[in-house]
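Me: I have a structure open and I'm new to it. Can you walk me through it?
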Amino acid sequence: MQIPTVRPRRLRATPAVRAMVSETAVQPRQLVLPMFVREGITEPVPIASMPGVVQHSRDSLVAAAVEAAELGLGGVMLFGVPERKDATGSGALDPSGILNVAIRDVVAEVGDSITVMSDLCLDEFTDHGHCGVLDARGRVDNDATLEAYAEMARAHAAAGVHMVGPSGMMDGQVAVIREALDAAEHDDVSILAYSAKYASAFYGPFREAVDSSLEGDRRTYQQDPGNGVEGVREALLDIAQGADMVMVKPAMGFLDVVRRVRDAVDVPVAAYNISGEYSMVEAAAANGWIDREAAILETLTSIRRAGADVVLTYWAAEAARLLRA
Ligand code: PBG
């Protein structure tokens, strides 16, 4: 018998045959671009730890959202950076707060041509940087926070958002938000639940992006990075509470969780290619250590291969351009 008897290399011999048997495609419609909009500025402000990403002004945000729609992206995910923060994150609930006005601005311009999503969480708005309100002993108060989330959901929906993204990891948040939306006749607004969200060191650059100075850490509400079973449990709980889609976050270190959740649920699964993942690749590329464009596409392909139907990524617009070229 002649060795080797099996030659998998035959299917790698030419670009044509490789393309024919390629298992995983990344398409612009599967990508969501997260964007930051900061109150009180007229020009975009660069985020030093995320080269190429900015805090938008209201005008530049709208222009970027229009561009995202023209590129055929699936969605934009909006984060607000208020001028003033306080203990309860009141700027998040205020209809004239930055995120709510930004949703209005964007929807007025793009209509239904792209899915407009909003981060539904208090951390961008609280002076202590936690995702909820604190009780008298300084602990994040789950049920008091739920009331704020319900009001935030109503405000985002009134501003015209298509999909809200609760990211605070409070127990019961999806149920409370679904109920609030339905009671306000916004049963058409969908929920992308950040279900399996881990307490990650890789959120570092995001803190600069939203001018957050977190006191302590988020380990009483975000998950221990070692827990995979729990990620599936959180996703199932959110679906039972009415989530239309579920998300795993971060993506790169949690691809096994993406796969487990994909196999366990019957709704679309998203994964968030977060700030620190972006910055690592950008920093290595800036040093000439890796091929930037190849690394971007490989990252997104790997997240899709792991089972993500949708990928939130700061490279969404650029990837769409690369994929078209
Ligand atoms: C919470 C939220 C965070 C991110 C998205 N939503 C920060 C956190 O949970 O600590 C991180 C996104 C990123 O790092 O790119 N509102």
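Me: Where does E234 lie?
Reply: E234 lies in helix 7, residues 229-240. Helices here are DSSP runs of H or I with at least four residues, strands are runs of E with at least two, and both are numbered from the N terminus. Two notes on the ground rules. Residues are numbered from 1 along each chain as its sequence is written. This is a predicted model, where local features need pLDDT of at least 70, side-chain atom pairs count only at pLDDT 80 or more, and totals for chains, interfaces and linings use all residues.

Me: What does UniProt say about E234?
Reply: An unreviewed UniProt entry places the feature "binding site" there, at E234. UniProt positions are given in the numbering used here, feature names are shortened, and annotations may be inferred rather than shown by experiment.

Me: Is E234 buried or exposed, and why?
Reply: E234 counts as buried because it has 23 C-beta neighbours inside 10 Å. The cut-offs: buried means 20 or more other C-beta atoms within 10 Å of the residue's own, exposed means 12 or fewer, and partly exposed is in between, with C-beta atoms placed from the backbone.

Me: Which residues does E234 touch?
Reply: S195 and A196, not counting residues up to four places away in sequence. Contact means that the two C-beta atoms, placed from the backbone, lie within 7 Å.

Me: Which other residues does the "binding site" annotation cover?
Reply: R207 and R218, again from an unreviewed UniProt entry. R207 is in helix 6, residues 204-209. R218 is in the loop between helix 6 and helix 7.

Me: And how do they sit, buried or exposed?
Reply: R207 counts as partly exposed, because it has 15 C-beta neighbours inside 10 Å. R218 has 21 inside 10 Å, so it counts as buried. Leaving aside neighbours within four places in sequence, R207 is in contact with S212 and L214.

Me: Which residues are around the ligand?
Reply: D119, C121, D123, C131, S167, Y203, F206, R218, I274 and S275. A residue is near a molecule or strand if its C-beta atom, placed from the backbone, lies within 6 Å of it.

Me: How does that shell divide by residue type?
Reply: Five are nonpolar, two polar and three charged. Ala, Val, Leu, Ile, Met, Phe, Trp, Tyr, Cys and Pro count as nonpolar, Asp, Glu, Lys and Arg as charged, and the others, Gly among them, as polar.

Me: New topic. Which residues does "active site" cover?
Reply: K197 and K249, in an unreviewed UniProt entry. They are spread over 53 residues of sequence but cluster in space, with a largest C-alpha distance of 4.9 Å.

Me: Where are they found?
Reply: K197 is in strand 7, residues 190-197. K249 lies in strand 8, residues 245-249.

Me: Why do they count as buried?
Reply: K197 is buried because 25 other C-beta atoms lie within 10 Å. K249 has 26 C-beta neighbours inside 10 Å, so it counts as buried.

Me: What do they touch?
Reply: Leaving aside neighbours within four places in sequence, K197 is in contact with S167, M169, Q222, Q223 and K249. With residues up to four places away not counted, K249 touches Y194, K197, Y198, A271, Y272 and I274.

Me: What about the core? Which members touch the most others?
Reply: V76, L78, I177, V258 and A270, out of 101 residues in the largest nonpolar core. Helix 4, residues 142-158, gives the most to this core, with eight residues. A nonpolar core is a set of buried Ala, Val, Leu, Ile, Met, Phe, Trp, Tyr and Cys residues joined through C-beta atoms within 7 Å.

Me: Now zoom out. How many helices and strands?
Reply: Eleven helices and ten strands. Of the 325 residues, 48% count as buried. The C-alpha trace spans about 75 × 45 × 40 Å along its principal axes.

Me: Last one. How far apart are the C-alpha atoms of Q27 and L323?
Reply: They are separated by 7.3 Å, though the two residues are 296 apart along the chain. Q27 is in the loop between helix 1 (15-21) and strand 1 (31-38).
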